[in-house]
Amino acid sequence: MGDNARNNMSDHEERGAHTETIHLPAPTAWPLVLAFGFTLLCAGLVTNGFISVLGGVLMLFGVVGWFRQVLPHEAHEDIPVVVETIAIQTTRRQVEKIVVPEEDRAHLPVETYPIVAGIKGGLAGSIAMIPPALLYGLIAQHSIWYPVNLLGGAGVANWRNPSTADIAAFHWQGLIVASIIHFVTCVLVGLLYGAMLPMLPRRPVLLGGIVAPVLWTGLLHSTMGVVNPVLDEHIAWGWFLVSQVIFGVVAGLVVARQERIRTSQSLPFVMRMGIETPGLIHEHKEEDDGQ
Amino acid sequence: MADQTLPIHGSLDLTPPREGESTWLETLHSWVITVDHKKLGLMYMMLAIFFLLVGGAEVLLIRIQLAVPNNHLISPQVFNRLFTMHGTTMVFLVGMPLVFAWANYIIPLQIGARDMAFPRLNAFSFWLTAFGALLLYFSFLGGAGLYGMGNAPDVTWWAYAPLTARAFSPGNATDYWALALLVTGFGTLGGAINIIATTFSMRCKGMTLMRMPLFTWLLLVDSGLLLVTITPLTAAQVMLLLDRYLGAHFFDTQAGGQAILWMHFFWIFGHPEVYVLVFPAFAIASEVIPVFSRKAIFGYPAMVAAGVGIGFVSLGVWAHHMFTVGMTSAGNAFFVLSTMLVGIPTGIKIFNWVATMWGGKLRFATPMLFSTAFLFQFLAAGLTGIMLSVAPWNWQLHGSYFVIAHFHYVLVGAIVFMVFAGIYYWFPKATGRMMDEKLGKWHFWLFLIGFHVTFDTMHFLGFEGMPRWIYTYPADRGWDHLNLVVSIGGLIQGVAVLIFAYNLVSSLFKGKIAGNDPWDAWTLEWSTASPPPVYNFATDPVVHSRRPLWDIKHPEDPDWKYE
Amino acid sequence: MSATAIPLVPGGHEQTWHRPSRGRVGMYCLIIGECAIFTIFVVAYVFYIGKSLNGPTPAQVLEVPIFNTICLLSSSVTIWLAERAIERGILRTFGLWWAATIALGVTFLIGTGLEWYKLIYHDGLTIRTNLFGTTFYSIVGLHATHVVVGLTMLLLVLLFTLTGHVREEHSERIQVLALYWHFVDAVWVVVFTVVYIVGR
């Protein structure tokens, strides 16, 4: 048995070249016979019943032979060995440690804005967007409902291929749907700003307030023709861009004026577990100031 | 003396070479009756490589047939047999034997054991697999199909009911399929039991579970997965045979049976099976990448946890093969989400491999080249997998060439690439000679190009709506040029594999002598001779860390100080 | 050999190196695999409950095999007593309990045979009759096959006991075999519940 073999082997104490014997399981053909018998047993089903019978007989022989190998104890083969020490070494002696500087954690901001800041920013931006949109409606189509219906058109039942006059008229369903879409989208984008602004390298308001809306408008401009061709015909892209930029700047400014809080990942484990230790906070604030 | 405490102090003997004196008949006899895990591992490997060539030849015929529109080189019936045999061969006679080839040869060496836990069961499992394979291929001669002549199974490798019922598949070709897989299935079960018992019960002193090499760990999880994966297939095959021979009604729609039950049973086996096949690729990558990056594996516990996680999650995703069958929305949602969940542990693995390479001193020997390609290709395969896991997308593309492209990206781009990496990596250990690096590079680049020409193009064929299983197509569908490109890529891969085969044989006789530790690696198998003596280690090794050979090579800075 | 003075191994406490017995691990693995096979058959049985297009139905022909079940389940107790006996080296007691286990197992098989005889020749239910016949004979037959295999192994051990080949040091192997028998009994609980209680 393998276990016995290792027991026999484990307690030699001599060193240097010496002779020993190792027990290994003896080779045997019985598993082969058993496997062949089983295969023939199955093959008989697709060929001839006699092949199954032959397979059964072979299996019987195989099982008996196998049992005689392991009972009452397993058959061994003794292999004489001269134990020699082999040197294990390497030509690559030099070991270099990769030092990861603390700043590598800078990708995860140490401080960020609270969630409320994002919501506030989104709401402020959403309100700031309204005047230019209404202004556009008044100037271009002489109706403040025009932009509202463009956004909320989906809410007006059975509205297919509306005329310009249709869009300029007041529809209360349009107003409700437009308001929901407007405020939900704005709050979501505001939250995104709150999460992203601390991570933007420099001039967050410039990037978040102007560059991002311009890119976003460009993306919409190039895809709206595919996504919703009808809506695309009615959008004045210049005005659209203006309102987006206003949203971006206002939301960005509002978010940036909020007080920052530490990200929980940078807090010590004890505090993340929710154990209140005011002294600990103080201590770490000081450490941060020192850095 | 310091050597009193040296962990591994002797493992080589100077026994007289016995095999050299024997005749070839005696040598053959010694291989046939062997219970030695190394010989059995090599036999599994030879079986797998042989059938890889056979299955490859079958698919080359398929590709030649599909290269141009309106081709009638081979008949539709033969085409059906070819893709059935290609799938069955590659999964059951290549992929599964490969699992056991690696596990058999490497695991006892890596955990410092003399043999597997059940050496005779090991031989039994191998011979079941080999004879099962013979039985399957005997159907080409002995199977009586619709046309009364030699006939291989032609019901695809998942053999959906009720196509497999007596009424629709007369003759016994389908029985050959079911019986052969039943036989190999028992072999697989025996092999899996053996691997698990070996890893749990045969570890050398100090080799705790959390010090086991990742290779061993992943194949342990793989075997656990096999235990609960291959057995449902066996059960389903028994039901199929009961239907066909005793007139039972499991999948008989005339008597109220339901064909969909077979689909569920088959994919309960079939999907985890894919993970069973890919685990050896993960295992090899987890050995090759650290050694050729000269760094310890990044995030060992996370890698273990991710491996176990993949094993568990893979058991709950099977019905994503059945979105087009029509399920409830809840069923669709569950299988979409569980399938996507697989992406998380797999992602952890990819990130950890990349993090292992990061900052390392990379050596792009052939095994590392294959591993690097594997990382990219496995990522791409995973991403198309996530695409296909979205039910509506799946409704659109199920049964198209996009699906073929996706799973061949896994099976070839990940598994076959890593099998090549593993062969280049451990060939010196098994034979004592290095494989030729120059031919290896030719093999790698040709295979890489052929792979991408074939399978990248297949994605587009899928988008263009080309269905699977068609044996030819009219010229006006816009599929002609792409199909030609796919076929040419297939031929390039064929050439690359021939180069590999030549390299394998010529290196066996003329390769550079390797020495015990050609790659300067850290796991126990490199501490013994190449090829290892029949008893592996003359004295039982004792380990103290995950990289026992590192500890010996760098006594001033051993790993156990950090673990 | 390196002659460095740096200690090469972590010093201090040497724990004893313990590994589970390979026989036990192997048997547990086999049991897990078998569980999967039985699960598939149980699922098929449950899935087809009440879906037969024609009779006989389970309610018409099945009788709950109480005596059989008691026999099989109590054989788990007797084999456990036998295990305990061999651990303590009381070979005579071991042989007695072991023989009792076999007797109970054979009684179970005979009971199943009688049940099948009644179903086939009196009620006309075969594996071809309907879905109930198909699933019933395959799940109970699968279990009976396991009982037969188990009994063969048990008989072999009894034979060796009678010829005096079994000694105390074989208790490990005996216990591994007993594990299989416990599994066969446990599966019967599931089969019994599904076939004779849920499915009736």
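Predicted model: local features only at pLDDT ≥ 70, side-chain atom pairs only at ≥ 80, totals over all residues.
Chain B is built from helices, with 16 helices and 0 strands assigned. Its radius of gyration is 24 Å, close to the 24 Å given by the globule rule for 563 residues, and chain B is therefore as compact as a globular protein of that length. Along the principal axes, the C-alpha atoms of chain B fill a box of roughly 80 × 50 × 45 Å. Of the 563 residues in the chain, 59% count as buried. When contacts in chain B between residues at least 6 apart in sequence are considered, 82% of them join residues at least 24 apart.

Helix α4 of chain B covers residues 119-142.

The contact between chains C and B draws 36 residues from chain C and 40 residues from chain B. On the side of chain C that touches chain B, two or more residues are given by each of α1 (22-47) and α5 (131-162) of chain C. The most is given by α1(C), which supplies 13 residues to this side. By residue class, the side of chain C that touches chain B comprises 23 nonpolar, 9 polar and 4 charged residues.

Definitions and conventions: Residues numbered from 1 in each chain as written. Chains lettered and ligands numbered in written order. Contact = placed C-beta atoms within 7 Å. Helix = DSSP H or I, 4+ residues; strand = E, 2+ residues; numbered from the N terminus. Nonpolar A, V, L, I, M, F, W, Y, C, P; charged D, E, K, R; others polar. Rg over C-alpha atoms; globule rule 2.2 N^0.38 Å. Buried ≥ 20, exposed ≤ 12 C-beta atoms within 10 Å, placed from the backbone. Expected span 1.5 Å × (residues − 1).
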